[in-house]
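Trainee: I would like to learn how to read this model. Can we go through the features one at a time?

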Amino acid sequence: MADIEEARKQFQRIDTDGDGFITAAEFKTALAQAGDWNVTESVAEAVIKSRDLNGDKVLSFDEFWSYLSK
Ligand SMILES: [Ca+2]
Ligand SMILES: [Ca+2]
């Protein structure tokens, strides 16, 4: 069971420019910081795409949360 406060903190950590959306580049940077250096831009894009519900190619908090709380 995911915790929405934890999810919000995690989202803000990944969203480095603070615009409220996670881009593939931000996601890739976050994974690299977590030690996963094998993630390429195209892998990050594929992950974003699989979680992106409205097709704008970025993740809003709602999309991030609905992925975590599935
Ligand atoms: Ca952002
Ligand atoms: Ca989206």
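Trainee: How far apart do the end C-alpha atoms of residues 2-37 lie, and what percentage of the span is helix and strand?

Mentor: Ground rules come before the answer. This is a predicted model, where local features need pLDDT of at least 70, side-chain atom pairs count only at pLDDT 80 or more, and totals for chains, interfaces and linings use all residues. Residues are numbered from 1 along each chain as its sequence is written, while chains are lettered from A and ligands numbered from 1 in the order in which they are written. Helices (H or I, at least four residues) and strands (E, at least two) are DSSP runs, numbered from the N terminus. In residues 2-37, the end C-alpha atoms are 25 Å apart, with 58% of the span in helix and 6% in strand. An unreviewed UniProt entry lists these residues as "domain: EF-hand". UniProt positions follow the numbering used here, feature names are shortened, and annotations may be inferred rather than shown by experiment.

Trainee: What pattern does the protein follow along the sequence?

Mentor: The order is α-β-α-α-β-α, from four helices and two strands. The radius of gyration, taken over C-alpha atoms, is compared with the globule rule: 2.2 Å times the number of residues to the power 0.38. The protein has 11 Å, close to the 11 Å that the rule gives for 70 residues, so it is as compact as a globular protein of that length.

Trainee: Which residues of helix H2 are buried?

Mentor: Count C-beta atoms, placed from the backbone: 20 or more others within 10 Å means buried, 12 or fewer exposed, and in between partly exposed. In H2 (residues 24-33), Ala 24, Glu 26, Phe 27 and Lys 28 are buried. The buried residues of H2 pack against helix H1 (4-14), strand E1 (21-22) and helix H3 (41-51).

Trainee: Which residues does Phe 27 touch?

Mentor: Contact means C-beta atoms, placed from the backbone, within 7 Å. Leaving out residues up to four places away in sequence, Phe 27 touches Ile 14, Ile 22, Ala 44, Val 47 and Ile 48.

Trainee: Where is Lys 57, and what is its phi?

Mentor: Most residues other than glycine have a negative phi. Lys 57 is not a glycine, yet its phi is positive, about 70°. Lys 57 sits in the loop between H3 and strand E2 (59-60).

Trainee: Is Lys 57 buried or exposed?

Mentor: Lys 57 counts as exposed, because it has 12 C-beta neighbours inside 10 Å.

Technical notes: Contact = placed C-beta atoms within 7 Å.
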